[in-house]
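Thanks for coming, everyone. I would like to walk through a few local sites, so please have the model open as we go.

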Amino acid sequence: MPEALNLIDDQRPAQRRAALAILDELEARSAFPGAHRLGVTGTPGAGKSTLIDALLRALRARGETLAVLAVDPSSRASGGALLGDRVRMRAAGEDPGIFIRSMAAREQLGGTAAGAHASVLILSCVFDRVIVETVGVGQSESDVHSLVDTLLLVANPSSGDALQFMKAGLLEWPDVFAVNKSDLGAEAARTRSELESGLAVGESASGEWRRAVLQVSARDGTGLDALQQALDAHRDHLSTSETLAARREAGRVAHVLSALRERFGSRGVEALGGATGVANRLRESGAGTFSLAAQLDAELDAALAARS
Amino acid sequence: MSIPNSADRDRPWVFRTYSGHSSAQASNALYRDNLEKGQTGLSVAFDLPTQTGVDSDHPLARGEVGKVGVPICHVDDMTALFHELPLDRMNTSMTINAPAAWLLALYVAVAERSGVDTQQLQGTTQNDIVKEYLSRGTYIFPPEPSMRLISDMVAYTVDAIPRWNPINICSYHLQEAGATPVQEIAFAMANAIAVLDAVRERGDVPEARLPQVVGRISFFLNAGIRFVEETCKARAMTEIWDRITRERYGVEDEKLRRFRYGVQVNSLGLTEAQPENNVIRIVLEALGVTLSKKARCRALQLPAWNEALGLPRPWDQQWSLRIQQILAYETDLLEHEDLFEGSQVVENRVRELVEAADAELQQVLEMGGAVAAVENAYMKQQLVASHTARTQAIETGELPVVGVNRFIETADSPLTEGERSILVVDESAERAQIEALRAFRSRRNESEAKTALQGLRDALRNGENVMPPSIRAAHAGVTTGEWSDTLRELFGEYRAPTGVTAARRETQGEDMKGVRDRVQQLATSLGRPLKILVGKPGLDGHSNGAEQIAVRARDVGMEVVYDGIRLTPAQIAASARDEGVHVIGLSILSGSHQVLVLDVLECLREAGLGELPVVVGGIIPDTDADQLQAAGVARVYTPKDFDLTRIMGEIVDVVSEPRAAA
Ligand code: B12
Ligand SMILES: Nc1nc2c(ncn2[C@@H]2O[C@H](COP(=O)(O)OP(=O)(O)O)[C@@H](O)[C@H]2O)c(=O)[nH]1
Ligand SMILES: [Mg+2]
């Protein structure tokens with residue numbers, strides 16, 4: 001498992017080829033719906049890692065196996081990164097049923113890393129549930145949304161947080177909201193109703209699903225059962241409403257687009273017919289997401305070379 | 001020369017020596033020796049298992065029993081520790097925090113058994129949890145229940161043990177973690193406010209008793225090498241405390257507003273290179289907190305000349321005690337009124353410190369106070385940043401350190417010749433302690449112990465004070481681990497923020513650029529960026545080195561996994577495997593490197609990672625370093641390797657080197 005993640009991160013040509021082959025194969029063979037993919041986002045310090053730790057304990061006790069992909073920002077000056085989410089995730093201990101991997105966001109501005117899609121694919125072939133923690137910095141919510149089936153937003157019990165989400169127009173992405181640290185007092189209830197009124201007017205990217213705002217405490221376990229139920233309910237909602245397949249496909253398209261955008265900008269993406277163009281290619285070619293991305297990359301390269 | 005009448009001299013401060021090791025019996029003998037040499041107060045160092053609430057036979061205690069302090073598991077250990085010491089006349093300071101209520105309960109039980117009235121007991125439990133999260137690392141429970149335990153002790157002692165200082169607000173450890181004087185003042189004040197506010201909110205301490213409570217709050221300060229500024233710092237704190245106690249807590253009685261403090265002088269600046277120079281540093285630092293009568297410390301503890309080499313031997317500690325005695329008895333220091341009265345220079349510096357500290361304190365209070373500023377990592381991040389600035393200044397030479405970055409030429413020192421010039425705790429101490437603990441467990445009345453634990457659990461659930469049921473548990477033969485586990489069940493355990501992730505300050509400079517380029521080249525040949533795991537195995541809480549290494553590794557472009565303190569070797573190996581790192585850096589300062597590093601290597605081999613290069617840093621004597629390298633460690637670093645950028649370059653070498661199959 002760790003070796004596979006090392007391999008897909010490896011940029012040397014031979015390793016890249018080997019990685020693509022593995023990813024194609026895994027994608028083709030992976031069961032549907034397979035592992036539940038849960039994204040957790042929110043401002044730094046909201047308690048995402050602590051809450052994930054609490055979820056790990058609760059879900060592991062139900063017999064699930066779990067993987068966490070924890071993404072932290074990279075330094076723009078040095079390219080280095082400090083990956084510190086494991087500090088709070090002690091549920092793993094020496095239990096092989098829980099796997100935690102930290103990842104630097106590298107040059108990606110959003111909260112997700114370039115290799116995140118491939119990593120989620122690999123992990124979802126092995127574990128019952130894959131949890132992705134990302135830093136909520138505004139641009140990243142739509143990225144994480146495309147990476148997972150269910151997106152959980154964790155908020156601090158402070159009106160500042162709620163207001164910030166609304167202003168930034170982030171409320172459309174999450175499927176479930178949790179105001180954390182309710183052990184700290186009344187502020188949590190206030191934040192919750194602020195978010196609720198924000199949701200009432202805002203639009204939702206998740207269609208029919210009725211989005212709930214929960215009050216939880218990662219510290220003392222309050223609301224954890226309700227949170228688990230809400231997450232499971234969303235997963236069940238997706239599979240029965242058949243939107244899961246559509247959401248996963250949109251996620252694959254988003255991955256190809258963001259990979260291409262990174263090298264060729266929006267002009268390059270337009271040249272391929274934008275999202276619809278890529279979606280069609282993905283459907284027609286029957287190729288795996290990752291090798292299609294590589295193939296389109298090569299096509300654009302060739303087109304550029306021909307022009308110059 | 002006229003020899004002044006001793007009646008005209010001020011009474012000296014209390015002379016202490018922070019000590020304890022191996023066993024209660026051995027430490028008792030040491031204390032009695034020290035008292036005979038003229039020490040006037042006791043200062044008990046507990047071992048790390050005791051400080052973190054585990055019994056000597058717990059797996060996490062391995063290699064740590066009796067090492068850096070005395071192991072105390074139960075009332076018989078405590079009895080042996082104070083054997084033939086008159087508790088009613090002793091002034092005992094205990095460096096104990098998360099399990100402070102328990103160690104005080106054991107002390108009370110010993111007093112009660114020997115017929116000493118608890119009203120007579122005098123001393124201090126350190127009991128300051130905020131600075132444990134920020135620097136010292138021996139916390140167990142989350143902030144909220146920890147603050148409750150502290151306020152329980154304050155509320156209990158004010159009547160039951162009125163001469164006890166239930167908490168010592170520590171700024172000492174903040175300076176040891178890199179704090180500037182302003183941070184030291186502001187964070188300590190915020191901490192004291194958090195404690196007093198918690199006591200006030202309890203409701204069981206009558207408003208009229210609050211002044212007494214305030215009067216029992218004492219402080220524990222650091223005194224660094226900039227000793228003039230340190231004098232000003234103590235004066236500034238005296239002034240700020242007087243104001244806070246008057247304005248915030250309405251204390252009218254001036255005596256109860258007095259800023260009472262003890263001191264341990266700075267150790268962070270004591271060097272491995274030319275260690276004899278440390279004696280001069282220690283003397284100057286001691287002056288900083290004794291010169292000014294108005295702001296003189298109540299008790300003083302001095303480290304030894306060989307601080308950066310390892311644990312001090314009795315002779316090393318004696319030398320430091322003699323410094324205090326010469327200062328108090330030979331010099332004319334205690335014959336004068338305040339030397340700085342009317343000094344505009346001192347007054348100006350005090351003003352600057354007061355103003356800057358007030359501003360910083362205000363910032364913390366606006367965040368919600370000390371506890372909030374622990375949880376949101378603000379204070380820890382500030383400390384890491386200050387320490388980064390300090391290490392960089394030493395590297396560039398901007399901050400001169402004689403013998404380290406200036407005047408490094410030296411003749412051989414007779415002090416470090418021959419056998420190790422440090423105390424080495426006998427390996428058999430751990431085994432003996434474990435045997436004694438098991439014997440104790442089998443001779444105690446099991447059902448009494450069980451009942452007492454149940455009583456403790458019930459009392460805590462009902463919100464009752466922790467002290468009475470703890471004292472009953474002490475008498476009933478409960479152990480340190482059992483008491484702590486009972487609280488763990490109720491309160492949970494805590495992991496404090498590491499403060500490194502948000503460290504914004506990036507290091508610049510030519511040699512940095514060189515290493516950064518090499519890190520990038522290596523990424524090309526590795527196929528992905530160089531990923532390093534910085535790990536701290538065992539109970540050791542010294543995080544400064546690991547933090548600075550982690551931040552610098554990030555600044556040269558590495559991807560750094562840092563999981564904080566107190567990991568088991570198996571957890572470190574599992575992290576290394578799951579994270580896919582290229583190299584592991586271990587940091588161990590507590591002296592248990594031999595056991596722990598070998599355990600990590602073994603766990604790595606079991607995980608199929610025997611090839612992964614491992615580098616180690618910390619307080620590691622040369623002979624041990626050789627052994628570690630023979631066991632497969634790639635590089636060993638000690639405090640004399642202050643050039644972090646050079647260390648980073650060598651880590652690049654280590655990863656690039658072809659590894660001989662181990
Ligand atoms: C600062 C300090 C503290 C601070 C720690 C603050 C913190 N958060 O780190 C405080 C005041 C809290 C403290 C407490 C204690 N301390 Co202390 N402390 C020191 C002191 C003075 C300096 C250590 C330091 O931070 N140096 C600065 C950093 C940057 O240097 P460094 O860690 O050595 O790192 C350098 C190299 O070693 C190397 N390195 C280190 N780690 C790594 C890792 C990697 C991967 C690499 C590549 C390199 C590397 O590179 C660094 C750059 O130069 C030393 C003595 C000394 N002067 O060294 C004693 C010392 C380490 N402490 C000691 C003791 C006993 C304690 C206590 C256990 C006492 C007690 N009984 O309670 C407590 C409890 C601590 C705990 N929880 O474990 C002993 C250890 C004895 C031994 N080894 O046998 C020492 C040696 C003092 C002594 N002589 O008695 N301490
Ligand atoms: N009081 C309280 N503190 C919490 C809770 N959850 C997390 N925290 C604290 O909030 C801080 C940030 O937590 P962390 O999980 O690292 O946040 P992240 O940055 O969102 O991953 C830490 O100090 C946690 O201990 C909670 O439910 N209650
Ligand atoms: Mg996190």
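**The magnesium site**

Along the chain, the donors of the magnesium ion (ligand 3) follow the spacing S-x35-D-x47-E, where donors are N, O and S atoms within 2.8 Å of the metal (3.2 Å for Na, K and Ca), and since water is not among the atoms, sites may look incomplete. This is a predicted model, in which local features need pLDDT of at least 70 and side-chain atom pairs count only at pLDDT 80 or more, while totals for chains, interfaces and linings use all residues. Residues are numbered from 1 along each chain as written, chains are lettered from A and ligands numbered from 1 in the order written, and side-chain values use heavy atoms, with hydrogens and water left out.

The protein donors are A:S49 (OG), A:D85 (OD) and A:E133 (OE), lying 2.1 to 2.2 Å from the ion. A:S49 in helix α3 (residues 48-61) and A:E133 in strand β5 (residues 129-133), both of chain A, are 84 residues apart and link distant parts of the chain; helices (H or I, at least four residues) and strands (E, at least two) are DSSP runs, numbered from the N terminus. A:S49 is buried, with a relative accessible area of 8%, and A:E133 is buried at 4%, buried meaning under 20%, exposed over 50% and partly exposed in between (1.4 Å probe, protein chains only).

Turning to another serine, A:S197 lies in helix α7 (residues 187-201) of chain A and is partly exposed, with a relative accessible area of 46%.
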